[in-house]
Amino acid sequence: MSSTHRSPKWLPRAAALGAAFVGLVNIASTLTPNVRWRGHLLLQYEPVQAMRLFHALALPAGAALLLVAPYLLKRRRRAWQVALVLMLALGLFDLLKGLDFEETVLTWAVAAVLVRGRDAFGVRHDRITLRSALWRVPLLGLGGLSLTAVVAWATEGHPSWGKVVRETGDLLLWHSGPIHFRHTLQIQHHRLAWVPLGVHLIEIGTLFAIAYVVFRPLAAPRGLPGVGAREAARSLVERYGRDTLSYFKLRADKQYFFSDDRTAFVGYRIENGVLLLSGDPVGADEAVPGLLEQLQAFAQARALKLGAIGASERMRPLYESLGLRMIYLGDEAIIDLQKFSLEGRPIRKVRQSVTRLRKAGYSAELQPLGELDQPTLERVEEVLEKGREGAPERGFSMALDSLKGAEHAETLLVLARDEEGAIKGVLHFVPCFGRPMVSLSFMRRDPETPNGLTEFLVCSAVELLSERGLQEMSLNFATFAKYMHSPQTPIERLLGWIAAKFNPYFQIESLYRFNAKFFPRWEPRYLVYQGTLGLPRAGLAAAWAEGQLWKPALPRRSA
């Protein structure tokens with residue numbers, strides 16, 4: 001495991017508090033008189049001008065520590081480096097400005113803690129190059145300085161530039177300069193009394209902007225995988241993709257992270273500061289632990305939290321060994337194709353729907369996607385589009401994003417046709433390699449078709465897939481299904497009641513009840529999150545990734 005994992009979790013918090021405390025102590029020290037006898041003793045070794053200089057240097061250095069402290073909490077490596085330099089300098093300033101031994105001991109003691117705990121600050125930064133964002137720092141500083149100078153120049157009838165420069169410096173140092181704004185307000189009736197406060201706000205804002213640029217973490221990859229990476233991912237899915245969610249890692253909108261030996265990988269997306277995995281890792285079992293350790297180090301170096309949606313129970317030991325937490329998210333409905341039957345009273349409503357549709361002339365057929373002719377494929381896509389009824393396309397971990405592409409030619413479609421042979425409903429299944437099973441990707445029907453067509457499609461799929469030699473079918477994922485079908489505690493019953501109340505917005509209960517019609521086997525899936533308070537952050541990331549919640553975004557420029 002990386003050294004980051006061995007560092008105490010409390011160290012960044014303690015370092016941030018220590019740096020802030022040291023900064024405040026040094027600011028207070030510079031604003032209070034020296035101990036007289038210490039000052040007299042120091043005058044034997046340095047002039048009074050030097051003492052004043054070190055007083056002046058200690059104040060901004062202490063303030064800079066306050067600015068750096070929040071980034072220590074975020075484990076930024078560059079913040080650790082800057083804080084260490086500031087503390088070493090402050091300890092020296094404390095001695096040279098007034099023999100303040102107490103402040104020096106405190107400052108250097110906190111610096112020693114930072115040195116000892118350096119491995120805890122693992123968030124990396126972009127290298128300083130000619131194209132680095134770090135070069136924006138002088139531009140930001142120049143911008144704040146120029147704006148201050150313009151404000152000063154636009155007073156008293158445009159004063160001389162010498163007077164402007166002096167006033168600009170005095171404003172930035174929070175001193176009164178040669179321009180008297182309140183006097184200007186009274187004599188010339190200009191509303192300029194706010195200028196000093198406005199300049200100070202500009203100054204503070206510029207400092208925060210500079211800190212953001214200097215300490216922002218290493219950027220996560222933005223580009224999608226290339227052809228080589230996609231071919232490698234597909235090869236691993238075909239060899240190891242037994243899980244019902246493995247195939248969905250081949251969506252075009254996912255990024256990939258491979259183990260060093262390229263025998264395992266994960267598909268992920270970054271949302272809300274969370275590196276969110278799609279399902280379980282795919283690859284050789286012996287490669288997965290190392291892959292997750294490398295992935296956690298990758299995320300930590302970029303100030304990202306690690307999470308996963310749709311994780312299976314078998315991954316719990318590995319995630320917990322990395323300090324991650326798992327919470328129940330819902331159940332996947334698995335239908336045993338060999339045992340499924342339309343006989344019996346409990347399933348009579350489904351049987352009645354199937355019988356009614358067959359009498360109305362509906363039929364079903366199973367077709368590999370790659371064998372469809374172009375007109376049929378276009379009609380399938382039309383039904384998929386109509387079936388959304390204007391809703392945004394959803395899915396990340398449990399659906400494909402498109403039927404297009406020769407790489408999905410082996411996936412299967414169950415098509416429902418009306419009495420005239422027109423396609424009215426579609427089920428799309430992807431393979432689970434290494435086991436006789438398929439997983440549902442799309443389930444859509446033309447909104448103008450009669451009720452019961454979806455039930456007809458599912459029952460037809462059971463029959464057709466069974467004839468093809470398959471044994472199981474993953475139907476749908478039902479969020480919080482356990483809380484509705486078998487709650488065991490008052491809290492679980494309450495959550496089930498809440499899920500029912502939110503059904504009009506998220507169809508949580510409706511989807512569960514639809515799945516339950518077919519008496520499936522329920523297999524739990526989990527949401528993985530990092531940190532005691534990381535659940536809301538990971539939950540929002542998952543909702544954004546799956547398209548269940550609207551995500552605010554800046555407007556894009558038109559081409």
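Predicted model: local features only at pLDDT ≥ 70, side-chain atom pairs only at ≥ 80, totals over all residues.

Student: What is the phi of Arg 262, and how exposed is Arg 262?

Tutor: Although Arg 262 is not a glycine, its phi is positive, at about 65°, and because its relative accessibility is 45%, Arg 262 counts as partly exposed. Phe 480, in the loop between S11 and helix H17 (481-485), also has a positive phi, near 60°.

Student: Is strand S11 largely enclosed or open?

Tutor: Buried means under 20% relative accessible area. Seven of the eight residues of strand S11 (residues 472-479) are buried, so the rest of the structure largely encloses S11.

Student: Which strands pair with S11, and in what sense?

Tutor: Strand S6 (residues 324-336) pairs with S11 in the antiparallel sense over six bridges, and Met 473 in S11 is the bridge partner of Ile 335. Strand S10 (residues 437-445) runs parallel to S11, joined by three bridges, and Ser 439 stands opposite Ser 474 in S11. From S10 the chain passes through helix H16 (residues 453-467) to S11, in a right-handed β-α-β crossover.

Student: How can I check the span of helix H12?

Tutor: Helix H12 (residues 288-300) has 13 residues, which at 1.5 Å a residue should span 18 Å, and this agrees with its end C-alpha atoms, which are 18 Å apart. Among the buried residues of H12 are Leu 291, Leu 295 and Phe 298.

Conventions. Residues numbered from 1 in each chain as written. Heavy atoms only, no water. Buried < 20%, exposed > 50% of the residue type's maximum accessible area, 1.4 Å probe, protein only. Helix = DSSP H or I, 4+ residues; strand = E, 2+ residues; numbered from the N terminus. Pairing = 2+ DSSP bridges. Right-handed = clockwise from strand over helix to strand, strands pointing away. Expected span 1.5 Å × (residues − 1).
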